[in-house]
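Here is a friendly briefing to read with the model open beside you. Have a look at the structure first, then work through the points below.

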Amino acid sequence: MDDINLIDFFLSDFINPKKRVFSGYLILSIVLAALWLLFIKQQSFRGALKKIFDKKILWSGSAKADYKLFLVNRIFTFFISPLLISQVAISTAIYLFLHSVDIFNQNLFANTPTSVIITLFTITLFVVDDFTKYIVHRWMHKIPLLWAIHKVHHSAKTMTPITVYRVHPLEGVLFSLRSVFAQGLVIPSFLFFFGNAVDLYTIVGVNILVFFFHATGSNLRHSHIDIAYWKWLEHILISPSQHQVHHSIADAHYDKNFGAALAIWDWVFGSLHLSENKGDVVFGLDTYESGKEGKIKDLYLDPIYEIARIIKIFAVRIVSQALNRLLLIKNLFLAQIKKNRS
Ligand SMILES: [Zn+2]
Ligand SMILES: [Zn+2]
C-alpha cells in the first residue's frame with residue numbers, strides 16, 4: 001500500500017456520504033451546534049466556538065482512545081467486509097422461499113405507480129434497518145454476554161463524533177450481520193412483489209432518509225452539545241440530547257433510549273426518556289475501573305475475559321445441575337432396589 005492508499009484506507013469514511021462522519025455532515029453539525037448555542041442558549045459567538053471546539057473534550061484521555069480505536073478498527077473492518085457477501089445468500093434464500101409458497105404471486109403489485117413503489121421501498125428499508133438497530137442495541141444492554149462487548153462504547157467519558165467508532169470489533173461483526181439480515185429481507189421481498197421498478201430515492205447516492213438523518217446533526221448525538229427537540233418530536237425521532245441520556249450514568253437514565261434515528265421503538269417498548277429536565281449528565285460506566293477508559297489493550301481484551309468468565313460460570317452451573325440430576329436418579333434407583341429387596 002503506498003502513502004495515498006494508506007490515507008485513503010484510514011480516512012475513507014470522511015469522504016463517503018454513506019457514513020455518519022462524512023465531512024459534509026460534520027460541517028453541517030458544527031453549523032447546527034453554533035445555531036443552537038447562539039439562538040437557543042443565547043451564548044456569544046466566541047463562547048459558542050469555545051464550547052464546540054472545547055479542547056478538554058476533544059483531547060481528553062477518553063477521546064484519544066476513541067481516535068486510536070477508530071484507526072485500529074479500520075483494520076478489523078477490512079477483514080469483516082467479506083461477511084457482507086452473505087447478504088447475497090440471504091437474499092437468494094428469501095427470494096426462492098417466496099417463489100416456493102403458492103399463495104405468493106410474483107409481481108403481484110407490479111402495476112403500482114413507480115413513484116409509490118420507490119417511496120414505499122425507501123421508507124421500508126429505512127424503517128426495517130432502524131428497527132433492527134433498536135432490537136440489537138436493546139439485546140446488547142440486556143444480555144450479559146453482549147453487554148460485555150457493548151460496554152466499550154459506553155466507557156466513553158467524553159463524547160465526540162468519533163465516539164461512534166468506539167466499539168469492540170465483535171460489536172462491529174454483530175452490526176454488520178444485522179445490516180445484512182435487514183437488507184437481505186427487504187430487497188428480495190420488494191423485487192418479488194413489485195418487480196423491476198424497485199429503486200431508492202437518494203441524495204448523493206444515499207437513501208434520502210439516511211441523508212436527512214445525518215444532515216440534521218446525527219453526529220451531535222456523540223458530543224456535549226445537548227440539542228433537544230420538542231416533546232412531541234422526541235416521541236418520533238431521537239434527539240442528540242436523548243442519546244446523551246442513553247450514555248448517562250444516572251439511575252433514572254438506565255437502559256433508556258436504545259433507538260438510532262426513530263424514537264418510536266423506545267416509545268412502543270417502554271424505554272423512551274425525553275430529554276426534558278435531564279440536568280447535567282455524566283457519561284461513562286459507574287462500575288468501570290477508573291482510568292481504563294483510555295487504555296486500548298483493556299478496551300479490546302476486557303470484553304473477551306468477561307465473556308470467558310460468563311461462559312465459565314454458565315458451564316459450571318450446567319455441569320453441576322447435570323451432576324445433581326444424575327445423583328438424584330442414582331438415589332431413586334438405589335431406593336427402588338432397596339424397596340424391591342424388602
Ligand atoms: Zn448502548
Ligand atoms: Zn452512543
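This is a predicted model: local features need pLDDT of at least 70, side-chain atom pairs count only at pLDDT 80 or more; totals for chains, interfaces and linings use all residues.

Residues are numbered from 1 along each chain as its sequence is written, and chains are lettered from A and ligands numbered from 1 in the order in which they are written.

**Domains and where they touch**

- The protein chain is assigned domain 1 (3-294) and domain 2 (296-342); such bounds come from an automatic or database domain assignment.
- Between the C-alpha centres of domain 1 and domain 2 there are 40 Å.
- Contact (C-beta atoms, placed from the backbone, within 7 Å) links 12 residues of domain 1 with eight residues of domain 2.
- On the domain 1 side, α5 (61-80) and α8 (144-154) each supply at least two residues; helices here are DSSP runs (H or I, at least four residues), numbered from the N terminus.
- The helix that gives the most to this side of domain 1 is α8, with six residues.
- That side of domain 1 has eight nonpolar, one polar and three charged residues, where Ala, Val, Leu, Ile, Met, Phe, Trp, Tyr, Cys and Pro count as nonpolar, Asp, Glu, Lys and Arg as charged, and the others, Gly among them, as polar.

**Helices α7 and α9**

- Two packed helices are described by the angle between their axes and the distance between the axes.
- The axes of α7 (residues 114-142) and α9 (residues 169-194) come within 10 Å and cross at roughly 150°; axes are lines fitted to C-alpha atoms, for helices over the stretch in contact, with angles from 0 to 180 degrees between N-to-C directions.
- The two helices α7 and α9 are therefore roughly antiparallel, a label for angles over 145 degrees.
- The crossing of α7 and α9 is right-handed, meaning that the near helix is turned clockwise from the far one by less than a right angle.
- Residues in this contact include I117, F121 and V128 of α7 and F175, F181 and F190 of α9.
- By class, the α7 and α9 contact has 13 nonpolar, two polar and three charged residues.

**Helices α2 and α3**

- Helix α2 (residues 23-40) packs against helix α3 (residues 45-52) at about 130°, with axes 9 Å apart.
- Helices α2 and α3 are therefore oblique, the class left over once angles under 35, over 145 and from 65 to 115 degrees are set aside.
- This pair, α2 and α3, also has a right-handed crossing.
- I30, A33, A34, L37 and L38 of α2 meet F45, A48, K51 and I52 of α3.
- The α2 and α3 contact divides into eight nonpolar, no polar and one charged residue.

Note on methods
Two residues are in contact if their C-beta atoms, placed from the backbone, lie within 7 Å.
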